[in-house]
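Please read it alongside the sequence and the structure.

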Protein chains: 4
Amino acid sequence: MSKLRFGAGIWHFATYVDRYATDGYGEPRNVIEAIDLAGKVRDLSVVDINYPFFGGEFSNAQIKTALERNKLGVIGITPEIYTREFRKGAFTNPDPGIRQRAHELITEAAGVVRDFGAEYVKLWPGQDGWDYPFQVDHGALWKNSLDGVGRLASENPDLKFVIEYKPREPRVHMSFDSLARTLLGIEKIGLPNVGILLDFGHAIFGGESAADSAQMAIDYGRLFGMDVNDNYRSWDDDLVAGSLHPIELFEFFHVLRKNKWDGVWQLDQFPFREDSVATADHAIDFLKAVDRGLEALDLKALRKAQEDHDAITALRIAQKALFGAF
Amino acid sequence: MSKLRFGAGIWHFATYVDRYATDGYGEPRNVIEAIDLAGKVRDLSVVDINYPFFGGEFSNAQIKTALERNKLGVIGITPEIYTREFRKGAFTNPDPGIRQRAHELITEAAGVVRDFGAEYVKLWPGQDGWDYPFQVDHGALWKNSLDGVGRLASENPDLKFVIEYKPREPRVHMSFDSLARTLLGIEKIGLPNVGILLDFGHAIFGGESAADSAQMAIDYGRLFGMDVNDNYRSWDDDLVAGSLHPIELFEFFHVLRKNKWDGVWQLDQFPFREDSVATADHAIDFLKAVDRGLEALDLKALRKAQEDHDAITALRIAQKALFGAF
Amino acid sequence: MSKLRFGAGIWHFATYVDRYATDGYGEPRNVIEAIDLAGKVRDLSVVDINYPFFGGEFSNAQIKTALERNKLGVIGITPEIYTREFRKGAFTNPDPGIRQRAHELITEAAGVVRDFGAEYVKLWPGQDGWDYPFQVDHGALWKNSLDGVGRLASENPDLKFVIEYKPREPRVHMSFDSLARTLLGIEKIGLPNVGILLDFGHAIFGGESAADSAQMAIDYGRLFGMDVNDNYRSWDDDLVAGSLHPIELFEFFHVLRKNKWDGVWQLDQFPFREDSVATADHAIDFLKAVDRGLEALDLKALRKAQEDHDAITALRIAQKALFGAF
Amino acid sequence: MSKLRFGAGIWHFATYVDRYATDGYGEPRNVIEAIDLAGKVRDLSVVDINYPFFGGEFSNAQIKTALERNKLGVIGITPEIYTREFRKGAFTNPDPGIRQRAHELITEAAGVVRDFGAEYVKLWPGQDGWDYPFQVDHGALWKNSLDGVGRLASENPDLKFVIEYKPREPRVHMSFDSLARTLLGIEKIGLPNVGILLDFGHAIFGGESAADSAQMAIDYGRLFGMDVNDNYRSWDDDLVAGSLHPIELFEFFHVLRKNKWDGVWQLDQFPFREDSVATADHAIDFLKAVDRGLEALDLKALRKAQEDHDAITALRIAQKALFGAF
């Protein structure tokens, strides 16, 4: 078996609110409690942590202590540029003062990345975009998106910035909505330290083949990170990985392996009503089967089938390898 | 012009949280503040109020005082059977104790309906359903849905209960997911005081023609209420009515008028980032244009076109009437 | 292993046209050639045959000869009520003469069912519905749908009629669009010999859980037939069964088995660009694995998990049983 | 009023087949008959013509004669690279011989463009893509897409080539699936004579804002053509323009006008069951209202509202201008 490392967004171990269950799906947890839960997951190596740290005032040192006792490292820091202050956008807020505030918050987060020795600042501008026709000047909005990211990347050349695109939510239409548009933007910015974090669920929600999106991001040298989950293709349900679309998930990892992409296999799941540790364990068990499946895949026969675009043969090969790994 | 009455869910005037903006899209407001905002809307006659009253401890008398100073009546009461306690379902919760709690809460809400002289108890079981394949025994789940509603209806024969269906959210799949399924359930319950609240946005989100759904609910004698908003057909965006699908909204009201359905025209909008009073005013202005458009509609020519299924002629008649009303 | 019988729509072995490849995806085949191809599939027992027989003038006797030499029986006959003559509807055509023509064609098809000793007449009214808002009088349209089916069922009490619902295509919105609406209509008709043919792909295309739909159809005593395929949930792609959504397909069959539903497991696939025999063989291999998976399913543990709505445990049990069968 | 020119795909005036109505939605028409129908539409100036000419053997001279008697010019030629021969792809066919055949057919079409003095060769590679996971090597497929278009563009530097993207159909997933991905590809090709034909319906089907897509294509200097129609956002229904999403269509034209884009306003509608001349006339009437609406738009107030991202005010301004034009 290959030497895999698994990770998770620390929010996997938080509790959630939504517009109906305003009192939350469980007792609030702070980031320390979430880290201690993450520590209970078998085979978790790293976490991605929201900044500011949720649930109280915590120093970097306190976070580090909690991480250490749980044998966890930090892969990335996700500045919260989607809370109340940024409800009309972070990079694209109509108010330049708020855009500056977003810049400052992300710059602080960049400091945390350095302090933790993490790999990247994760940008998830979920409030940047629009809701209605005629609401925005589309050219101006896109320019602000790119200027905001570009400024950060050029001010922090020692760090990587990854953009996690999604079609929508919370904004009705997000500015960085798809793989291709995000790549277009990154190429326009033209800096080496901006890349993509590809979320499997966001890709299939947007009607993409996650495998195809991964290949394209890799071909542009921009696949800096990834995470997995599952959904019914019409919303970012953040269900447990492998539950609904195992073969497409398997193809996604096949493309990563084929290109020798060797980053962390991360989870971005929201177990609203489930036990978060059990949900993570289940996903990792699935991912281990995926890994065994990749070892078992008859690559030569697959290549031949793909050269012919022979779907049924290719599918048979893939199903045999993946399901045989269980 | 016909004698219209407009209404709104009182939550239209609240502020919101979601899973990202956990600190909310604005300062929290209590129900009294929301009523005072509702009072600023031109031409609003009635509101639908969540129970328990949000934002504090308020007596029925306090609510009444606030309503009176704003010249507002109450059309319905919506018990909050979708908060933390009910996160795994109200009528279909696996725990019979929670099912009983739901029953008690709704029974309390029924008392408030009586006290306010409102028209109905609104049931919106947004947590009742499932997320994953194999999660539930579908027959048992549906039976619990119907038993729960049926028990309430038979214990409170003096009151009307309306079910507001929606395909999903917050549950990944809601038990009462569509017009037809809800009607099937209501016919199975077999009591006269259970009906449907048809939300235009929920219908088009579910791939229904809201006009067709209205006709069918009316044909079964079960259209007890309705509300409007708009969305991009793939999620319950709760945008301002008429913004995206004006002709379909117009057809919906045409079917109501044709059948002499004369209930309140209600708003169920969530202005996350907009001014709630301006949003309601704009919707009501649109609905007044719809009303004028209905007066202008050449019914004889429309009937002839519909007899021939002549889409282009029918559309021309409808566009002329609606757009001419602006 | 249980005693399974597999079937297929004979169109599985035809070639296709669409609005772009108007010269077809292959050389035209007549029904006899299609039957001979069906005969090459391992383990196929029965077929559903379009009427009139496609590709030439053939007598029932000629069809029987072809079936016999391929050891195939007939499960149903599908009258072609969706061709040019019926482009504006069969049961709901605005022209009463065309409605009568549809009745006559289906009545002829009923004769073929008797002659072949088949199980049912399959009604797939793909042109019945609407395209545009305001195009039709929805109440009148639905009444015509039910009157048309009801007349057939009462004139042919010795036969079963099955309605195969689908959200859309070729009509932009089909009249029999979902499980629940079709059940509502069937209950209104009120005759014992009208039921549903549940197509797994149509169900998930319509946002249904096919397992839930099967349970409900069974609970009403109306599940007269079924077929399987797969799609991306947004169109009736008619891809090979099990390719995209294996767990949901498995749950569908679990519900059938649990209810002791023992009809034929049919294929409704359209291999536009694939070899039709290889595609059918692959699907049947998958269905055999499903059958072995059902034998392996830990029903007691599953029941316990479902009583708790414990999604992760239920999923683990299901994945182990299905994938372990490969 | 501005000086508008209207156009249409000549297929608007053909009859259609699909996989069910294999005998077609009407009597077959040849291209000459279609041109004569197009000539009956009020205010149509140009057409886009499929190549080879459909319905018989016709010389360029015969086509020209028919065009002249109907006072029609030619805007583009659409080589039929999606028929039987190309069912597994044109640019991306696994067979290099078929790829070469596609190249030759398009090269012939380029000659017709020159002969007719048309503006561009339109590339609509509807069979290029994939259906199943694991079916293709995504990197190789995309490379073939770009190589095929690039070769044509470099061999014919005197001509423009426009790519019309669409998410899917007939291929389950098209290679040129979205605005952003097509732009990425065009930038990679790096030639000045490759651009985009933006179809309003394809954009909204893909979850894009057509207005936003137009702005981006213009910002890259690649908006070479456009056409309009409407759909329910989940399929390329090719319904009459303005029927379902008038405000979004209006925003699309607002962006074109604002950027002084002055190409032809084209129709790409498929009136399966409607009179094709009446459908085109209705669409053009709508587009003329759009044009009047653009004149009436309060641009200063709109700009102010957009600077604030004030959706309700912007919507009010837009609705007033568009609907007031009726």
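In which loop of chain C does C:Ser243 lie? C:Ser243 is placed in the loop between S9 and H8 of chain C, where helices (H or I, at least four residues) and strands (E, at least two) are DSSP runs numbered from the N terminus. The model is predicted: local features need pLDDT of at least 70, side-chain atom pairs count only at pLDDT 80 or more, and totals for chains, interfaces and linings use all residues. Residues are numbered from 1 along each chain as its sequence is written, chains are lettered from A and ligands numbered from 1 in the order in which they are written, and side-chain values use heavy atoms, with hydrogens and water left out.

**Surroundings of C:Ser243**

- C:Ser243 counts as buried, at 0% relative accessibility; buried means under 20% relative accessible area, exposed over 50%, and partly exposed in between (1.4 Å probe, protein chains only).
- A polar atom of the C:Ser243 side chain lies 2.7 Å from the backbone oxygen of C:Val240.
- Leaving aside neighbours within four places in sequence, C:Ser243 is in contact (heavy atoms within 4.5 Å) with A:Ile247, A:Leu315, A:Gln319, C:Asp230 and D:Tyr132.

**Interface of chain A and chain B**

- In this interface, 43 residues of chain A are in contact with 43 residues of chain B.
- The size of an interface is often given as the accessible area lost when the parts come together.
- About 4000 Å² is buried between chain A and chain B, and carbon and sulfur atoms give 52% of that area; buried area is the accessible area (1.4 Å probe) that two parts lose on being put together, summed over both.
- In chain A, the residues that lose the most area to chain B are A:Arg19, A:Tyr20 and A:Arg273, together 23% of what that side buries.
- The rule finds 12 salt bridges across the interface of chain A and chain B, a salt bridge being a side-chain nitrogen of Lys or Arg within 4 Å of a carboxyl oxygen of Asp or Glu.
- A:Arg273 forms a salt bridge with B:Asp131, and the closest N and O atoms are 3.4 Å apart.
- Between chain A and chain B, 34 residue pairs are in polar contact (both at pLDDT 80 or more). A polar contact is a pair of N or O atoms within 3.5 Å; within protein, one must be able to donate a hydrogen and the other to accept it, and residues adjacent in sequence count only if both atoms are side-chain atoms.
- The side of chain A that touches chain B has 18 nonpolar, 8 polar and 17 charged residues. Here Ala, Val, Leu, Ile, Met, Phe, Trp, Tyr, Cys and Pro count as nonpolar, Asp, Glu, Lys and Arg as charged, and the others, Gly among them, as polar.

**Relations between copies**

- Chain A is superposed on chain B by a rotation of 180° with 0.0 Å of shift along its axis (RMSD 0.0 Å). The two copies are therefore related as by a two-fold rotation axis.
- Superposition is by least squares on the C-alpha atoms of residues with pLDDT of at least 70 in both copies.
- A:Asp18 is the residue of chain A that comes closest to the rotation axis, at 2.0 Å (C-alpha).
- Of the interface residues of chain A, 100% are also interface residues in chain B, so the copies meet through the same surface.
- For chain D on chain A, the superposing rotation is 180° with 0.0 Å of shift along its axis (RMSD 0.0 Å). The C-alpha of D:Ala180 is the nearest to that axis in chain D, 2.6 Å from it.

**Salt bridges**

- Over all chains, the structure holds 115 salt bridges.
- B:Lys143 and B:Asp147 meet in a salt bridge through their side chains (2.6 Å, N to O). They are 4 residues apart in helix H4 (residues 138-155) of chain B, and so separated by about one helical turn.
- C:Arg151 and C:Glu155 form a salt bridge, with the closest N and O atoms 3.0 Å apart. C:Arg151 is partly exposed, with a relative accessible area of 36%, and C:Glu155 is partly exposed at 42%.
- D:Arg19 and C:Asp238 meet in a salt bridge (2.8 Å, N to O). D:Arg19 is in the loop between strand S1 (6-9) and helix H1 (31-38) of chain D and C:Asp238 in the loop between strand S9 (223-228) and helix H8 (246-258) of chain C, so the pair joins two chains.
- D:Arg19 is buried, with a relative accessible area of 11%, and C:Asp238 is buried at 2%.
- A:Arg19, B:Lys166, B:Glu169, B:Asp236 and B:Asp238 are joined into one network by salt bridges that share partners.
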